[in-house]
Amino acid sequence: MGAAPPDVQLVREAVGGDHDAAQRLFRLLRPIVLAYCRKRLGLENATTTAEDCTQEVLAAVLVALPRYRYRAEKFLSWVFGIAAHKAADVHRDRTRSHERHTPLPDPEAATGPAWRHPAAADDFARVEEHLQVRRVLSRLPRHYRQVLTLRILLGYSAEETAELLGMPSAEAVRVAQFRAIRRLRRVLRFAAA
């Protein structure tokens, strides 16, 4: 990835209205957010889409920056939250665009159980699975949720995760991931009992 997360003092100065600090902050954020968008969108040869998404994220951060009231060391997590919403918007828009351009099958030609909207069933199953994952992850401490989300759901390496979360090393990420999975197993055992 190559870009270090912004330091706490820089975030405080930018939130406080320092124009130069805000510019430095955005120069630091851009490569981090772009890498996140590229990974999250998973688009081959679609750099412009990831860059457009990055621009939208940074614009949203810029608009919301004066109202940022959380701890400065949590700033990057807040930015990732915005990025996650913007990436979801891109996926949603892409799905809608695909639906508008995909011809509907002729109901007269389709007979029997095959005409039961298998795509809708798949979509429902994905949504249900996503909701179950969120419910289970919500039982973990925030730090563990962040590590598991970046490592398992988004596919970041231990080194990238350490860099993004400001952890001391990739080994610290692996230890946190191990502990998070161990705790997750206890949560699942307790829920099944």
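The structure is a predicted model, in which local features need pLDDT of at least 70, side-chain atom pairs count only at pLDDT 80 or more, and totals for chains, interfaces and linings use all residues. Residues are numbered from 1 along each chain as its sequence is written, and side-chain values use heavy atoms, with hydrogens and water left out. The chain has 8 helices and 0 strands (helices are DSSP runs of H or I with at least four residues, strands are runs of E with at least two, and both are numbered from the N terminus).

**Chain and confidence**

- In sequence order, the pattern is α-α-α-α-α-α-α-α.
- Of the 193 residues in the chain, 31% are buried (buried is under 20% relative accessible area, exposed is over 50%, and partly exposed is in between, with a 1.4 Å probe and protein chains only).
- Among contacts with a separation of 6 or more, 59% are between residues 24 or more positions apart (a contact means heavy atoms within 4.5 Å).
- The mean pLDDT of the chain is 76, and 73% of the residues reach 70 or more (pLDDT is the predictor's confidence in each residue, from 0 to 100).
- Residues 104-117 have pLDDT below 50, and this stretch has 3 contacts in the model beyond near neighbours in sequence.

- Y68 sits in the loop between helix 3 (47-64) and helix 4 (75-101).
- Y68 counts as buried because its relative accessibility is 5%.
- Not counting residues up to four places away in sequence, Y68 touches V15, K74, F75 and W78.
- G16 is 52 residues from Y68 along the chain, and their C-alpha atoms are separated by 9.5 Å.

**Aromatic pairs**

- The count of aromatic pairs is 4 (rings of Phe, Tyr and Trp, the last by its six-membered ring, pair if their centres lie within 6.5 Å; planes under 30 degrees apart are stacked, over 60 edge-to-face, and the rest tilted).
- One of these is the tilted pair of Y68 and W78, with 4.7 Å centre to centre and 55° between the planes.
- This pair joins the loop between helix 3 and helix 4, where Y68 lies, to W78 in helix 4, 10 residues apart.
- Y68 and W78 are both buried.
- F75 and W78 also form a tilted pair, because their ring centres are 5.4 Å apart and their planes are at 40°.
- Both F75 and W78 belong to helix 4, where they are 3 residues apart, about one turn of the helix.
- F75 is buried, at a relative accessible area of 1%.
- Y68, F75 and W78 are linked into a cluster by ring pairs.

**S77**

- S77 is a residue of helix 4, and counts as buried at 18% relative accessibility.
- Leaving aside neighbours within four places in sequence, S77 is in contact with R142 and Q146.

**The second largest pocket**

- The volume of the second largest pocket is about 250 Å³ (on a 1 Å grid over the protein atoms alone, a pocket is an open set of points where a 1.4 Å probe fits, with protein on both sides within 12 Å along at least five of seven lines, and lining residues have an atom within 4 Å of a point; the volume is the space filled by probe spheres set on the points).
- Its lining has 17 residues, and E73, K74, L76, L165 and G166 lie nearest the centre.
- Helix 1 (8-15), helix 4, helix 6 (142-153) and helix 7 (158-165) each give two or more residues to this lining.
- Helix 4 supplies the largest share, 3 residues.
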